[in-house]
Amino acid sequence: MRHARRRLVRRVTRLAAVGGLLLGATMVTRAVASEPPDASAAPRTYAASAAGTGGELVSRLGTSRTAGSWIGADGKPVVAVTDEAAAAEVRKAGAAARMVEHSMDELKSATSTLRSAPRVAGTAWVMDYRSNEVVVRGDSTVSSGDWSRMTRLADDIGGFVRMERTEGKFTTRLNGALPLLSTVGRCSAGFNVTDGERDFILTAGHCGPDGSVWFADNRGTQQIGQTVRQNFPGGDFSLVQYSSGDAGDGAEVVAIGDGKGVRITGAADPAVGQRVFRSGSTSGLADGEVTALDATVNYPEGTVTGLIETNVCAEPGDSGGPMFSEGIALGVTSGGSGDCDSGGTTFFQPVTKALASLSVKLIVAAQNGSGQGGASAEPSASATQSAIAPGDASPGSSASVAGTDASTLLSRLADPKNVGPGLLVIAGSLVALVAARFIRAEQDRKAYRRHYSATWG
């Protein structure tokens, strides 16, 4: 009986030691794999060198020689230029050049003239970099008289102003990614932000005025917070302060449906042609392309300027919801026309402008993708212009919305700081194996001696 017990103890000890070796090896392997590569040792590809060169070239060459930039179908930046010397500089920098007739100065002058004219609700205009035009759109609510008057104004400006009628009507879109409910209506949580002392939800400004109280349920029993800052019209963003002052675990994750989410790692401005994703509680996750920047929309409630225009669909109930790409926050849903059955146009408030105006920062994921990283400096726009084909872009790294026991464990194992603990586990397991082997050998030797002594008297 005693021998059987000893054998059982030895087996358990060996199994525990072998298990410790495997666990330690896993910790070290995952931790080393998760360490960011040395940037100086990484090969410099075209994708890395060309990222962001479109915007940089536009800034360097000036608005009199350029007319915007966008990302081509191959992921290569394209810059609209007005002279051959500028085109040569663009090509030398590794971007593609497109010769156009009208400069950015002319396009901006046209939009300024449109803005100074009497306001017509249901209209919007953008600078279309790819066609080198200013496009004026009118929805179904614009009367024939108002449309004729705007058409005459466009003709006076010049032939590069294009008039388009659009189906449906431009409206703000209440609701969103995770619902916020109040007597004002239903809206959407966009991104979690902080001022260093308190945490807030960044959402659309038209969702409600200062003092609006928001709940997570339609019975008004689960209070989320209260609107403390609003900008609408003019801009379209607001801050909802958490009742507890703390956003809690998972604050760096935005929901995309089915209990899944995307980790947000920073904020930036998008580029025309970039593939983007939007999440909303009404229509879920949708994707599309940035079609224009600095859009002006005349909603019935007022005029909003500086918006991002996209062909991503949205529906009533999606306002305030987050727009992002590759884990980078880009905007919050403002409004638009159409729906997710027939498609449409959706406008977004740029996140960077809202953050700057409100003096807050995003709550973002840690660089290794694990846990809440707190506020950090937002990356430049080039972080989203990754020089990959727009169709290959993804929302970002996945995460669970409901708090993540399993993923938290894996994240801890993958933490580079676990290289040391992993080595300690391996060392301890080796010591246990050697000790178990030594104890077994010593026991066998003693047993042999006893047997030998009994045999020879």
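Cys313 is buried, at a relative accessible area of 14% (buried means under 20% relative accessible area, exposed over 50%, partly exposed in between, with a 1.4 Å probe and protein chains only). Its disulfide partner is Cys340, and Cys340 is partly exposed at 29% relative accessibility. This is a predicted model, in which local features need pLDDT of at least 70 and side-chain atom pairs count only at pLDDT 80 or more, while totals for chains, interfaces and linings use all residues. Residues are numbered from 1 along each chain as its sequence is written, and side-chain values use heavy atoms, leaving out hydrogens and water.

**The disulfide**
- The structure holds one disulfide (a pair of cysteine sulfur atoms within 2.5 Å).
- It joins Cys313 to Cys340, with 2.0 Å from S to S.
- The pair links distant parts of the chain, 27 residues apart.
- Cys313 sits in the loop between strand S20 (302–310) and strand S21 (322–325), and Cys340 in the loop between strand S22 (328–339) and strand S23 (343–350).
- The link of Cys313 and Cys340 is right-handed, with 90° about the S-S bond.

**The whole chain**
- You will find nine helices and 26 strands in the protein chain (DSSP runs numbered from the N terminus: helices are H or I, at least four residues, and strands are E, at least two).
- Of the chain's 457 residues, 46% count as buried.
- Among contacts with a separation of 6 or more, 64% are between residues 24 or more positions apart (contact means heavy atoms within 4.5 Å).
- The accessible surface of the protein chain is about 21,800 Å², and 54% of that belongs to carbon and sulfur atoms (Shrake-Rupley method with a 1.4 Å probe; for residues, only the protein chains shown count as cover).
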